[in-house]
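Please keep the 3D view open as you read.

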Amino acid sequence: MYTAGIDIGSVSTEVVILGEGGVKGYSVLDSQVDIEKTAEEALDMALDMARLGRKDVAYSVATGYGRNNVHYANKQVTEITCHAMGAHYLFPNTRTIIDIGGQDSKAVALTTDGPSGPRVVDFCMNDKCAAGTGRFLEVMARVLDVDIKEMGPLSQKSTKEINISSMCTVFAESEVISLIHQKHNKEDIISGLHTAIARKVLSLVQRLDIREEVTLTGGVMKNVGVVEKLQQELSPRKINLPEEPQIVGAIGAALLARKYVCS
Amino acid sequence: MTIVEDQRKRQREFFTLQFQKRLKRPRGYSPLKSSQARERAMFRLLLESFREGSSVVWKSTFVPSEIIYSLGAIPLYVESFSAVASAVDICPPMLDTSERCGYSRDSCTFLRAVLGASHKDILPRPDALVSTSYYCDGDPKIFDIFAEEYKKPHFYLHVPYAAEAGWAIEALAEQLEEVTIELAKVMGKPFDKERLSEIIQSSNEARRYLLRANELRRHVPSPMLGCEAIDYIASITQLWGSPELVRISRLLCEELEERIEKGVAAVDPEQFRLLWCHLRPYYNDEVFNYLEGHHKAVVAFESVNLITWKEMDPEKPFRSLAEKLLANPAIGPYERMTREVARMIRDYQIDGVVWMSPWGCRHFNSMAQLVKDGLRRELDVPFYILDLECIDKRNYSKEQVRTRLDAFIEVLGGRKEGCTPQV
Amino acid sequence: MWKEYLKEDSRGVLQYAPVDRGKIGYLSIHVPEEIILGAGRLPYRLLGRGKPVKRASAYLPKTFDPSVLDSLEGAIEGEYGFLEGVIVANVSDAHRRLYDAWRLCGTPKNVFFLDVPKGADALRVKTFSLALSALMREMETALDVRISPEGLREAIGLCNETRVLLQRLAGLRRQKRPPLSGHDFFDVVSWAQRNDKSYVNQKLRLILQELEMARGNGTVGPRLMLTGSPLGSPELISLIERLGAQVVCEDLCTGMQYFSDLVEKDSPEPLNALARRYLDIPTARMADTRARWGYLHKMAEEYDVDGVVYFTLKFDDIYLFEYPFIRNKFQKAGYRVLLIEAENFLTNVGQIETRVQAFTEMLG
């Protein structure tokens, strides 16, 4: 039996096909204005990879901001629960999940106490401020005139980290512009930005009771620079990084779909 | 600024129109008669204050309206005015005006809406202004600025932080007496202690009914929607001391008793019972409708309806009013608030707490995490700090709020076995 | 030369302050230093660390007075561990919660609270006296001392002397070319807030001796007044002065508010005298906007300023609500006003530089 998990985020859309023995196929697409169309395309791509057709999918769960716009999904669950379930599936000792997405960042606390498996006990999300989200990096990449995907590798070449002290996106933008004018290396500035984002996200995580192990999820975790800074800030706790951090929510959704179809 | 009757008439007509618009607004529930009476009473009070010959005293949250009624004046509770303005959707231009004047968008929207409204001169003009040091820092400051603008006296009450210290009651009672006597001078009439005693008695009577209503709301399933109940703001309403409040609260009790007797549940089937802390979004009912209608999670009680003071002694009005003010759990160290929240959780068999945090509300935001952590030490109840705006609909994102509420309901569901999936 | 006096505090101070005299920290200048002195301790003003906040945000919201978050971070990190206690005053919502959070997770463990009314009339003074005596009783128990009226009177004399000397020093800045910069002045005041008063008084006399003879070599750029949120460091002042303007007076708690008035000497009731003086400081948090404006206007006239820089910390409500009112008053009185909004330490320097420079050009 196969189930599908569809995660429609503000930046990207992911679909995971789950079968006996694990993930059979997945896809990642940029989210388009037409959410439904993107969701269809992503589903077909993932099914192609799994060599399956739509009729093979017994149940599907949609999550993410566009979750209510996926007409083929049987049920909608928030990305908070889905990321937690996905992270727990990949790393069963996970108790805290940190997810940095395009427009939201969140920290989730999980428990496995009780008879019926893992469940979310507490969570925190960013407020209207974009400082700890993928959006923040996007704005800064534009100011620095670099590809957002290069930010991670570039930051690793940093020799002298620059302190970006501003917590506010608007202030940080002006701070970065001054730094560019002062002829600081882009690499060093980027490294500083990664620290700033890690600090901001940490302020969310701290509001929960942080338990080990901590699993990092979400598209921004593809950025090695951010991951490194988070590891430093959270040290010495045990940190897990999934191979494909951005599909964890979709994995969680597919897992929940399996649960629903069985119950 | 000289007031001409023509202006007052226009203001009155403007608000009458707004009120009629408001009454026609569709609701997700059929309100109790008492709630409708309450809403009418609030508007009547506002319209009264535009009448020639009316004396109006602007007050901030904790200034006891009892003393204002005792002088035959009408209290204008300014933050409550912003709530009304938001409900009838006239806030955006008021907020824009305040921003143009230079007020920061990071500050309290309740106060900024009033600042904008005063700039546009659509408010009933004050004869005097009274503020207290609680809730917030902004109040006394802008009241003094208003006082200068309207060329009227401003009286400031310092509510001691050490609410439980012996000297605090005396110190506050003395200030209350002083303010009342000064206000009487402004109104040009002698202070009538007997009148105040009568009003204290009426306030006591309403308190007894509202306490009874709060008790009735403990019933499972809840007889009343939070969406409707929260508007009573029993802890701070400016109707305290008015005969209307006695009538309204008596009617409320009767209606709740009737509902319980007939087995009417506000939310059917009642899945979860929530405690809501802080006020509400006034620009629409969406959040409450979503929780109570869609998720069947009834807001069983609200922190703003909490009555913490004891019955007042009409013979000692100032001392009693001081005690009433100081009984507020928002005063003093955060442990006082934690204690009350814990009590409400137990009294109302609460499954989860939603602590609303508007961006500009320093006072309430600042306690959120402290109270959450404090509760975690003694009670295992999910607690979510929800970023949500009270007044400015332009700072409300439906989807963002829904995702957070959905996730919170999933957390509550996870605790009730069988309600949601476990992997 | 005179700047050397500020540097030798660690050594020089020893002869005035025996090592065993503990220090009590305080954050707001509405906290009477005389009470700390009366308890046989040294008052020590906390001015923040100017570093990013990490752990403090686990307790308090981010939309919060950044200087308070900074103080809490220092308390969590143990940076104030050398203090015997700290007094937090009820000057804002932020400070009330600082008191809560500090008790939970900060050092030192002795955290005292002082309630401060926002008015200075008779009943408010009476309330404040009651709050002060409650604080004294608490300190007496925690520190095992007795604070006597004589002790208070002696401390009043000492602090008044500091005030008079600082007033004289500030007076020098009325000259066309002041002998010391705004940055220098900031350094002197924060030094005076952190060291033994008799030592400070002696050194201040020497500083005055030198500077009263000296001739200013400051620029002839526009004379500015600085007002607004507390500044923990002179960074903003030096930025302004680097760009060719001169800060000649400041309505700041790390500036001239600190010595705005004297305490009534030899009062039979020293506590009441203290209550009156400490409520008379016309800070922005006080409700009386007329007194506040009178004080600011007088300062602007006395120091012959060309323009006013109004500084607000993000989320510092008192100033956010006061600013438009004060700006309008200044503008009506013929002064130009520049608003600078920033975090606790200057992060948006480029942005601020452009604004300040344009302002200076406009006034020049």
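Predicted model: local features only at pLDDT ≥ 70, side-chain atom pairs only at ≥ 80, totals over all residues.

In soluble globular proteins, nonpolar side chains tend to be buried together. Here the largest nonpolar core has 250 residues.

Leaving aside residues up to four places away in sequence, C:Leu114 touches several neighbours, among them C:Ile87, C:Val88, C:Phe128, C:Leu132 and C:Leu135. C:His30 and C:Asn90 are also on the list of residues that C:Leu114 touches.

Now turn to chain A, which the domain assignment divides in two. Domain 1 takes in residues 1–91 + 244–263, and domain 2 covers 95–241. The C-alpha centres of these two domains of chain A lie 25 Å apart. Where they meet, 16 residues of domain 1 are in contact with 25 residues of domain 2. How much area do domain 1 of chain A and domain 2 of chain A bury between them? The value is about 1,600 Å², with 73% of it on carbon and sulfur atoms. On the domain 1 side, A:Ile80, A:Phe91 and A:Pro245 lose the most area to domain 2, and together they account for 35% of what that side buries.

Polar groups take part at this domain interface too. The two domains of chain A have one salt bridge between them, and five residue pairs are in polar contact across the interface. Helix 2 of chain A (residues 79–90) gives the most to the side of domain 1 that touches domain 2, with eight residues.

Next comes the interface between chain A and chain B. The size of an interface is often given as the accessible area lost when the parts come together. For chain A and chain B, the buried area is about 2,600 Å², and carbon and sulfur atoms give 53% of it. Chain A brings 32 residues to the contact and chain B brings 25 residues. There are four salt bridges between chain A and chain B; B:Arg404 forms a salt bridge with A:Asp104, with the closest N and O atoms 3.1 Å apart. Nine residue pairs are in polar contact between the two chains. On the side of chain A that touches chain B, helix 2, strand 8 (119–125) and helix 8 (248–262) of chain A are the elements that give two or more residues. The largest share, seven residues, comes from strand 8 of chain A.

Is B:Ser98 buried or exposed? B:Ser98 counts as buried because its relative accessible area is 1%, and the cut-off for buried is under 20%. A polar atom of the B:Ser98 side chain lies 2.8 Å from the backbone oxygen of B:Leu95. Beyond residues up to four places away in sequence, B:Ser98 touches B:Tyr103, B:Arg112, B:Leu115 and B:Gly116.

Conventions:
Residues numbered from 1 in each chain as written. Chains lettered and ligands numbered in written order. Heavy atoms only, no water. Core = buried A, V, L, I, M, F, W, Y, C linked by side-chain atoms within 4.5 Å. Buried < 20%, exposed > 50% of the residue type's maximum accessible area, 1.4 Å probe, protein only. Contact = heavy atoms within 4.5 Å. Domains from an automatic or database assignment. Buried area = accessible area lost by both parts, 1.4 Å probe. Salt bridge = Lys/Arg side-chain N within 4 Å of Asp/Glu carboxyl O. Polar contact = N/O pair within 3.5 Å; in protein donor to acceptor, adjacent residues only side chain to side chain. Helix = DSSP H or I, 4+ residues; strand = E, 2+ residues; numbered from the N terminus.
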